[in-house]
Amino acid sequence: MNRLINLLLILCIGAAVVASFRYLGIDLGELTGSGNLKQMGAYVLRFLSPDLSAGHLQAIGRGAVETMAMSALGTLLAAVFGLVLALPAAGRFGWLLQSASRLVLNGLRAIPELVWAALMVLAAGLGPNAGTLALAMHTTGVLGRLFAEALENTPPQPAEAIRLQGGNVVWAFCYGTLPNLFPQLLAYILYRWENNIRMASVLGFVGAGGLGQMLYVSLSLFQEAQASTVILAMLVLVFAVDGLSSWSRQRWVKA
Amino acid sequence: MLTRDTRDPATLPRLLLSLLALALLWPGIHFSELDLGVLLQADSQSEMGRFVSAFWPPAHDEEFLQLLWQATLQTLAIATAGMALALMLAVPASLLASRALSLSAASRSGRPSALGRLLRWPVRGLLIFLRSVPEIVWALLFVRAVGLGPTAGVLAIAITYSGMLGKVYAEIFESVDQRPAHSLLQAGSGRLAAFCYGILPNVAAELLSYTVYRWECAIRASVVMGFVGAGGLGQQIDLSLRMFAGGEVASMLLTFFVLVLFADQISRLLRWRFA
Amino acid sequence: MTLHLNRVSLTHGNGVRALHEVNLHIAAGEQVAIIGPSGAGKSSLLNVLATALRPDNGAVEVLGEHAWQLGAHRRQQLRARIGLVHQAPPLPPRQRVVTAVLAGKLGQWGFAKSLLSLLHPVDVPGARAALAKLDLGDKLFAQCQQLSGGQLQRVGIARVLYQAPEVLLADEPVSAMDPVLAGHTLSILCRHAREHKVTLVASLHAVDLALAHFSRIIGLREGQVLFDLPASDVDHDLLDKLYANEQLLSPPVPVAPLSLQIPRC
């Protein structure tokens, strides 16, 4: 019976995949046909000679620093607010606050960063501030939920022992729960930072500054050479953050 | 008592680290022009307030709802088709890139020979490159290459997610106990057979779980890519935002939430049944 | 006087009856050992004495206060004067030993000192002295996860010693140690209790260790006190009755006690 249901589900998934292709009217054969491929090839070729002039590189440097600052500060803010919201969301302050904080966290993370960025551009104007705030809002929702789950899974014995010897709840948390929790929190923060550096590049599309804005502008003006330099800079940033994050993980998260 | 008694070896590193963090914080705030106060200013609050007040009532006329339904289906289709293409690329790539299939590793207790590592490196590099460029950038490029519409979205998801899936699959293969596969390889079986009998049974649940999770992410990514013209719900939201049609944006955001919830439920169902 | 239990009964959440009508009176400065088969209720008894578990009926009086009739704040202050050595040391793996030991005084320190100790240990000589009593002085800055089971238990004991309570309760404090180390640690505990006039109550699996170091033995079986006698009056017949039909399940912490004759009748 079980296997029958599983088989049925697999067939449904297969049918869904086929239906998707049909619905979108994508003909894979036509897509990879010679005409289309040549067109895409010509387009790609225009990217293969990036513009490396000093002026452009300086602009890219500034954009890169803006993007890096956006992602780092946005993630940091989100970590702080996420932890603050995770405490009630894990049920530490009763049922009512738990439901309320879970609702807030779900709301924050349900709205994608790009929509947040559009909203923040309205509120704070164009520029990297909107991007930082947008990232902070969305990531608070994500991190808050992850932190709350981690909090629920930590063993309660160390904190209970400190309560039992007369310490108050604050120190029981700091001395008993936090040391166990901290590596997990750090892992989640680093993981979100890796994600946010990619998103920060992109938020510029709606005017939130950084490399994304430069890319959008140069692509709209069909300046492929400049655009390819920006893409290279984005790649460098992503690699740098990935590398930093994995080094930090080795150093502080593993035993 | 010796003064050695009161010196804590962790003081110096901690102090240095805190100073470093502070030193980086200041330029960080300067370059990102961080200003939390802007959210509390009267005029920006009224600006946001006016925008948000236009959300009510959400648009619900017949014609619009038809459009909404079509756009939702399109988003689902983009995500599913994109994932299917991504899997077609990711599975062979992960098998090529993973050290779990390395013959040399089987006889050297898990560490492939230098040649083995060298040959795997280009595939890994390709996977990392594919996943490092944000999918929106791919979408933007494809929109310029194949025109507006869902094809660009499907291709963008296929390329980015093949990188993500491929790399994570390769890591998952390497993270389980390699000894069953190694013993099969040492007994003379082919690489693929050793993989299917030795590693696949252990990793199937985790692979499935991660794939389904990525499908959920693909749905969200499809909506976001619509902002640059790749079809689906996102493109409609972008159009309505430009026309300041708050009611339409509201209904579309609501639909987006429902879609995400629906995808979450399906992913839970699949993970529960198969893992 | 110091510790009174009057007709205390306790049933755990899963319906298991842990203690039944237990009467216990321990004077200040006494040293008492509690022995009994696995599942007799030794841990539950110590937790009730430490005011960690609230009994279903009966009165708990510790250091002259009716613990469960106090307000929460007063009870926390009372708890700062009671030290419980847990069977499984409740120490976070990545915390350093010095911070873990200093945490013993959290019930007595003010806000600023507690906050500072989290970042930079405020009383390294004090922590070192407590650890040195248990021959662990050189492990001051190691992480808890780098220690063995026996060393971790000794850190737990050091924390309670640093807390300097008036009542010291120990739940299987030497279960993870080899017999020689166990005897040595128990004699350190007893000496500390004698020198500082601290009431010491310890539950032990190894009967001969209990008989060797403690002057008063309480035998607990199925949640009831079977006997409460000076060590010299405990003979093999009593021990037979205490451990009769003990299941062959091993105690939760894997350690082989010294050559112990517990005849099965």
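Predicted model: local features only at pLDDT ≥ 70, side-chain atom pairs only at ≥ 80, totals over all residues.

Visitor: What makes chain C as compact as a globular protein of its length?

Guide: The globule rule gives 18 Å for 265 residues, and the radius of gyration of chain C is 18 Å, so chain C is as compact as a globular protein of that length. Its C-alpha atoms fill a box of roughly 55 × 45 × 35 Å along the principal axes. Chain C has nine helices and ten strands.

Visitor: And how does the radius of gyration of chain B stand against that of a compact globule?

Guide: For 275 residues a compact globule would have a radius near 19 Å, but chain B has 25 Å. The C-alpha trace of chain B spans about 70 × 65 × 40 Å along its principal axes. In secondary structure, chain B has eleven helices and zero strands.

Visitor: How many residues of chain B count as buried, as a percentage?

Guide: The test is 20 or more other C-beta atoms within 10 Å of a residue's own. By that test, 39% of the 275 residues of chain B are buried. For chain C, buried residues make up 46% of its 265 residues.

Visitor: What share of the contacts in chain B with a separation of 6 or more joins residues 24 or more positions apart?

Guide: In chain B that share is 75%. In chain C, 68% of the contacts between residues at least 6 apart in sequence join residues at least 24 apart.

Visitor: Let us turn to the chain contacts. Which element gives the most to the side of chain B that touches chain A?

Guide: The contact takes 41 residues from chain B and 41 residues from chain A. Helix H3(B) gives the most to the chain B side, with seven residues. That side divides into 28 nonpolar, seven polar and six charged residues.

Visitor: How do the residues on the side of chain A that touches chain C divide?

Guide: Here 17 residues of chain A are in contact with 22 residues of chain C. The largest share of the chain A side, seven residues, comes from H9(A). The residues of that side divide into ten nonpolar, seven polar and no charged.

Visitor: What makes E4(C) and E5(C) a pair?

Guide: Strand E4 (residues 57–62) of chain C and E5(C) share two bridges in the antiparallel sense, and at least two is what pairing asks for. C:Val62 stands opposite C:Glu65 in E5(C). Both strands belong to an open sheet with the order E2-E1-E4-E5 and antiparallel pairing.

Visitor: Why is helix H10 of chain A called mostly covered?

Guide: Nine of the eleven residues of H10(A) (residues 210–220) are buried. Among them are A:Leu211, A:Met214, A:Leu215 and A:Tyr216. The cover includes H4, H7, H9 and H11 of chain A together with H6 of chain B. H10(A) is followed by A:Phe222, whose phi is positive, near 55 degrees.

Visitor: Finally, which residues touch the most other members of the largest nonpolar core?

Guide: That core has 134 residues, and those touching the most other members include A:Ala117, A:Leu203 and B:Ala139. Among the residues that B:Ala139 touches are B:Ala152, B:Met225 and B:Val228. Apart from this core lies another, of 85 residues, with C:Leu3, C:Ala33, C:Val62 and C:Tyr243 among them.

Key
Residues numbered from 1 in each chain as written. Chains lettered and ligands numbered in written order. Contact = placed C-beta atoms within 7 Å. Helix = DSSP H or I, 4+ residues; strand = E, 2+ residues; numbered from the N terminus. Nonpolar A, V, L, I, M, F, W, Y, C, P; charged D, E, K, R; others polar. Rg over C-alpha atoms; globule rule 2.2 N^0.38 Å. Buried ≥ 20, exposed ≤ 12 C-beta atoms within 10 Å, placed from the backbone. Core = buried A, V, L, I, M, F, W, Y, C linked by C-beta atoms within 7 Å. Lists of a residue's contacts leave out its neighbours within four places in sequence.
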